[in-house]
Structures are given as C-alpha cells and as structure tokens.
Amino acid sequence: MDIPRMGVPDELADRSLAEQHEYLRGRFSRRTMIRGGAVTLGAVAGGVFVPGAAQAAAPAATSTAPAAEHVDGALVAPFGRHLSYGDDARTEMTVSWQVPVAVKNPFIRIGAHAGDLSRKIPAEIRALYTPAGVGTSADHTQYYVHAKLTHLKPGKTYYYGVGHQGFDPASPKFAGTIGTFTTAPSRSERFTFTAFGDQGVSYHALANDSLILAQGPAFHLHAGDIAYADPSGQGQTKDTFDARTWDQFLAQTESVAKSVPWMVSYGNHDMEAWYSPNGYGSQEARFAPPSNGPDPKNLPGVYSFVHGNTAVISLDANDVSYEIPANLGISGGTQTTWFESQLKKFRAHGSGIDFVVVFFHHCAYCTATAHASEGGVRKEWVPLFEKYTVDLVINGHNHVYERSDVLKGEKVTKELPIGGTAYPETDGVVYVTAGAAGKSLYAFPVADTYQGHEQKTDPFQSFVVQPDGSHQAVTVDWSRVRYTNYSFLRVDVDPAPVGRTATLTVRGLAETGEEIDRFVVARKVKH
C-alpha cells in the first residue's frame, strides 16, 4: 500500500519520475538552505561525490555543504563488499564496499595470494545524502567506495583487501578481511551461474544467499527490485523510503557478493526519485556495472558482458513498462536499438558465442495474480528474442517461480516438461520468472505444479498489462511449472567443440535445496 508522507500535490501524482525528482529537489533544497546547508547529491568536502550530480540538477547546487567529519580510520571497518565485472569480464573487475562514516584515502590492495598484497590502488568515494522527510529516517549520509581494476589476467583468481587511512588489510590484525575474485576465462569452459529477482532483506533472502554460495557460481544475476528501500515502488514522491535498508542489504549479501560478481538489473523498487531525474542516482552511488550500454548515465542498468561461450544482456524494463510508467519511454527507443545491435553482434558468425541470456525485471510471461505479464515487454522485446533465438529470458517482479513451455508468436511451439530439452533455433524461447528471492510471496490463480508434484492443469485465465494500465484477459496454456515458495535459478553451462551440442542445464532450486524444476537448452556449435 502506498502511504502519502510528503504532501505531494495532486497534479504531480501521475507525472514522470524526472518531474517527481524536480519537485523533491526544489522542496528539500530550499529547506536545507534555510537550515544552513547539508550534504546533497553532488560535490561535497574532501572530494567526495556522486557521479551524475550534473544531471541531478541545479536546485541542489546552491546548498552549502559542511566539511565531512572524519573519525579515526582504525575504528572504522569496511562492509558490504560486492563485485561487478567491467566491460571486459576477462580483464576488468570493480570491487565496491561501504563505510559507515567518512574516511580518508580509501584504497584496495590486490595480489596473487593472501600474503602478497603489496599492490595498492586508490579508490573512489561516492557519498549519498537522504534528508529527513524524503526518507523515513533522520538525515542520513551513506558512503560507497569503488575500485575499478583493469589489465587483469583472464581466468585468474586474485586476493584483495579494502581499506583506508588507519585500516590497512595488509596488517595481520585485519587478515580476516581478505577476499578473492576470479576473472572470466579467455576460452569456453564449463561454469555455473545463478539468478533471482526481488530479494530485499529477510531470513529467506539470507537463506537463498547461503544456498547460492554453495553452488559455486561464476557470477550471479539479480533481476531487479534489489533491496526494497522504497517499498512502494511507483517512482513517485509519495513513495515511502528508508535508505538505511541498503546498509542491511549489502551486509546481508556480502557473504556471496564479496567473491561472486553480483550483476544487477533495476526494477520499479529501484527508482528512487530524490536522487536524480531518472531515479537511478542512488544506484550509481552503490553499484558499478559495465558501462557499455546505450546511455550509462541515464540507463546505468543496461549493459552486456561475456563469460566463456555465453553472452549476458541486462535490460531496464522500467523504460517499457505500461504497469508502472514512471520511466516509460525514458530512453526514447535507444535501449531497444542498442539491444538489437548486441543480439546481432553475438549471433554473428565467428563471435564465439553459443548462448545468449537476457535478464530484466518485469515479466514477459507470468500468471501470478499480482502483476502477471507486461505488455510493454511483449511489444518491444519479445519479437527480438524470437528473431535472434535468445536462449533464456530471466525475470523477477512476480514473487514466485514460474517457467513457460517453449514459445514463439505468443503460442506454444513445444511443450517442455520437467527434464525436457528446448532447441531455440527451431523451437522458440523459454521464459523463467525467478522472483521469489526473499520478499513476501505472491499467488497463482491455479494450483502449483513442480518436480515431484506435477499435476495437469487446464488452460486458465490471466492478464497482460496494456498501454493504458488496464488488464487484458488472456487464456494461458503455456505455464509449465509453478511454485509459490522461495527459490532461485542455477544454470550449468557446458560448451562443446564445433559440430557438437552445447547445453544450458537450468534448474529451479527451492530455499530448502530441493530441485523444483530442470530443463535443458541445447544449441549445435557452429563457430
């Protein structure tokens, strides 16, 4: 339920996210100047800043920022470490973390083993200020730190430690803070990755993280609605908001994300209107994904990367969402144009790519009663999935597990029972909703059916969201697996020599570790 907190004028209720942002900036910038000035999104003392401040507009630029107060660095421990591949996953990695207060001279140490961290590289602090009234807490400043590493060797494991003046991870007393990461390989080899959406902060979210770590993934995909600091999720000024939830989230996920690249896509709960016109200013402070998308500043969650024989593409479905239109059309069509160019590149002969995996938030095909299927996604992107024979589409948004049969032209081209095999080049596309990572669960209009508990279901009614936000009733015969409990995806990628068949083995795993679904995507290797 949306709870109005800030007296938003009625005429703003249906405005774009950029207009919501402008209203907030105007209101709270005036207030902070009257109070004598506070740190805002943008330049602050000591060189601390948030990229995108120029976008965040001039209303805040007139505020005077007091000098940041630094404490003894020896008393401040970094937390919330999380990794992201750079544009080239073989040679680039960004290590990110958080500190609870302002620190001086942050850095990362890196080496070939834990006892050799002699190489010291400066890091960048991005400060994020949330005033009381915008959020549900008192004035709150968060400090995120990022170190982009380049010229790494493919397929190599590195040891690293993060620190600042007074806290040196090379010191024996901080040896327990050393972490590792491994770059993507330079050639095709077997690997595993995991995926889910809609995690938030909860016991179930923590349980899923523990199971994910046990899978030994090369990377993890988070398909939007990451922490739920904004539980309303409408991209409006009336949304309730608590920035401190991100502190809890990053501490919770550190057990995995400190060693496994945590590749994010942004959902409706990740649009936070105070920080920038597109709502992503806060995410630019917290995350540092690849910057090879069509517009990294305006669409920071749109990018691609390659791991071995598999290309992964992250999209921003807020740009095409009819259901939650705060950012509808924000890219002016450039995202879809870029997406098709990526598909052409990865499907070109000699690319070395067998599989293309696409992940984003709003569901192309789902029957959960909360959101069901997004018509904007179907209109803009499903034709491209089919044209370029995308191998796997992963979504969140609906807090359930659901998997389709093989689809093309909104029709079932091949039934895909548990244990079955799909051939995208001839059959079509398989869609998985994996949005049961930790937040409260949704429901289906019909009974669950999953591994060990299969039951035949007659065609049933669901809906597709239309351009005006209305629900068009549809009859569904493609919903093959449904599971209303906490879960995530494990995908095992097995390459093959030319002329043989490479496979993706996709498994749905419950929070208990029980396997609820399994299917294979197969493709003959031609390059």
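## Close-up views of salt bridges, sheets and helices

E284 counts as buried, with a relative accessibility of 8%; here buried means under 20% relative accessible area, exposed over 50%, and partly exposed in between (1.4 Å probe, protein chains only). This is a predicted model, in which local features need pLDDT of at least 70 and side-chain atom pairs count only at pLDDT 80 or more, while totals for chains, interfaces and linings use all residues. Residues are numbered from 1 along each chain as its sequence is written, and side-chain values use heavy atoms, leaving out hydrogens and water.

**View 1. K297 and E284 meet in a salt bridge.** Let's begin with the partner of E284. The N-to-O distance between K297 and E284 is 3.1 Å, inside the salt-bridge limit (a side-chain nitrogen of Lys or Arg within 4 Å of a carboxyl oxygen of Asp or Glu). Because K297 lies in the loop between helix 4 (281-286) and strand 12 (303-307) and E284 in helix 4, the pair ties together parts that are 13 residues apart in sequence. Helices (H or I, at least four residues) and strands (E, at least two) are DSSP runs, numbered from the N terminus. K297 itself is partly exposed, at a relative accessible area of 34%, whereas E284 is buried.

**View 2. R378 and E410 link distant parts of the chain.** What is the N to O distance in the salt bridge of R378 and E410? The side chains meet at 3.6 Å. R378 belongs to helix 6 (residues 375-380), and E410 sits in the loop between strand 18 (406-408) and strand 19 (411-414), 32 residues apart. Is R378 buried or exposed? With 11% relative accessibility, R378 counts as buried. E410 is partly exposed, at 48%. The backbone of E410 deserves a glance too: its phi is near 60°, a positive value in a residue other than glycine.

**View 3. K379 and E380 form a salt bridge.** The closest N and O atoms of K379 and E380 are 3.6 Å apart. K379 is exposed, with a relative accessible area of 54%, and E380 is partly exposed, at 29%. Elsewhere, salt bridges with shared partners join R347, D391, E425, R523 and K526 into one network. How many salt bridges are counted by this rule? The count is 23.

**View 4. D198 has a positive phi.** Most residues other than glycine have a negative phi. In D198, phi is near 60°. Where does D198 lie? D198 is found in the loop between strand 9 (191-196) and helix 2 (203-215). Its relative accessible area is 0%, so D198 is buried.

View 5. A223 has S265 in strand 11 as its bridge partner.

View 6. How many bridges pair strand 5 with strand 6 (residues 140-149)? Seven bridges pair them in the antiparallel sense. Look for T130, which stands opposite H140 in strand 6.

**View 7. Helix 2 meets helix 3.** The axes of helix 2 and helix 3 (residues 244-257) come within 9 Å and cross at roughly 10°; axes are lines fitted to C-alpha atoms, for helices over the stretch in contact, with angles from 0 to 180 degrees between N-to-C directions. From helix 2, the residues A205, L206, D209, I212 and L213 touch Q252, T253, S255 and V256 of helix 3, where contact means heavy atoms within 4.5 Å.

Notes: Two strands pair if DSSP finds at least two bridges between them.
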